Amino acid sequence: MNTTALRHAEADKPLTDVISSLRDAEWDAPSPCEGWTARDVLAHIIDTQREFFDGRGVETGERPDTGRPAEAWQVHTARIAEILADDALVSTTYDGYFGPTTVGATFEQFYIWDMLVHRWDIARSAGADVVFSDAELDRMEAGADSFGDALYMDGVCAPAVDAPDDADRTTRILAKMGRRTAAALR
């Protein structure tokens, strides 16, 4: 298994657990992403990953119906895992937003990062918390830092918010991405 496929599998398992834990009514609850429900956040993850691969000439198949979110995610993420198993595709070079890169590097830098951040958003929609591992926090922080000012472009992250001086690492990293944890609200 190549590194990108491995990183996807690592991010997919806890995201799938969160997605599977939501009850039907929770999918239409507001998320921390202004104007979006939990269902909208999931649709965003699915659509942006599909657009990325479609833009590289990779067939992603029919878009799954997010009216059944857990099933839609299972179909979508299984297809993405199949795509990422192609070592030649993952190592394909192209000119990305930040310069020359590979399909795998872009998927790891942005789309896996997106899965981590939005796992928190979806969980918060249902009033649940997420505990990130140190490796996940490292990836989230490095991803946010790698975007520079582009982190705050329309459609990426809201402007940073203040975190208490004694905030834990999760609170500080999420605050950088415009999100307020319960610890940040005290």
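Predicted model: local features only at pLDDT ≥ 70, side-chain atom pairs only at ≥ 80, totals over all residues.
Residues are numbered from 1 along each chain as its sequence is written, and side-chain values use heavy atoms, with hydrogens and water left out.

The protein splits into domain 1 (3-114) and domain 2 (131-185), with bounds that come from an automatic or database domain assignment. Between the C-alpha centres of the two domains there are 20 Å. Domain 1 puts 10 residues into the contact and domain 2 puts in 13 residues, where contact means heavy atoms within 4.5 Å. The size of an interface is often given as the accessible area lost when the parts come together. Here the area buried between domain 1 and domain 2 is about 960 Å², and carbon and sulfur atoms give 66% of that; buried area is the accessible area (1.4 Å probe) that two parts lose on being put together, summed over both. On the domain 1 side, Phe98, Gln109 and Trp113 supply 53% of the area buried against domain 2, more than any other three residues.

The side chains of Glu108 and Arg139 pair up in a salt bridge at 4.0 Å, N to O. As for where the touching side of domain 1 comes from, helix H1 (3-21) and helix H5 (103-125) each supply at least two of its residues, and H5 gives the largest share, 5 residues. Helices (H or I, at least four residues) and strands (E, at least two) are DSSP runs, numbered from the N terminus. By type, the residues on this side of domain 1 divide into 7 nonpolar, 1 polar and 2 charged. In this scheme Ala, Val, Leu, Ile, Met, Phe, Trp, Tyr, Cys and Pro count as nonpolar, Asp, Glu, Lys and Arg as charged, and the others, Gly among them, as polar.

Next comes His76, which lies in helix H3 (residues 69-84). His76 is buried, with a relative accessible area of 4%; buried means under 20% relative accessible area, exposed over 50%, and partly exposed in between (1.4 Å probe, protein chains only). Leaving aside neighbours within four places in sequence, His76 is in contact with Ile45, Ile46, Gln49, Arg50 and Pro64.

Side chains of opposite charge can pair when their charged atoms come close. By the salt-bridge rule, the count comes to 14. In one of these, Arg63 meets Asp47 at 2.5 Å, N to O. Arg63 sits in the loop between helix H2 (38-54) and H3 while Asp47 is in helix H2, so the pair ties together parts 16 residues apart in sequence. Arg63 is partly exposed at 32% relative accessibility, and Asp47 is partly exposed at 24%.

Helices H6 and H7 are linked too. Asp138 forms a salt bridge with Arg169, the closest N and O atoms being 2.6 Å apart; Asp138 is in helix H6 (residues 134-147) and Arg169 in helix H7 (residues 169-176), 31 residues apart. Lys176 forms another with Asp145, at 2.2 Å between the closest N and O atoms, and this pair also joins H7 to H6. Salt bridges that share partners bring Asp138, Glu141 and Arg169 into one network.

Within H7, the buried residues are Thr170, Thr171, Ile173, Leu174 and Ala175, and their cover includes H5 and H6. Asp168 caps the N-terminal end of H7, with a side-chain oxygen 3.1 Å from the backbone nitrogen of Thr170. Just after H7, Gly178 takes a positive phi of about 80 degrees.

Definitions and conventions. Polar contact = N/O pair within 3.5 Å; in protein donor to acceptor, adjacent residues only side chain to side chain.
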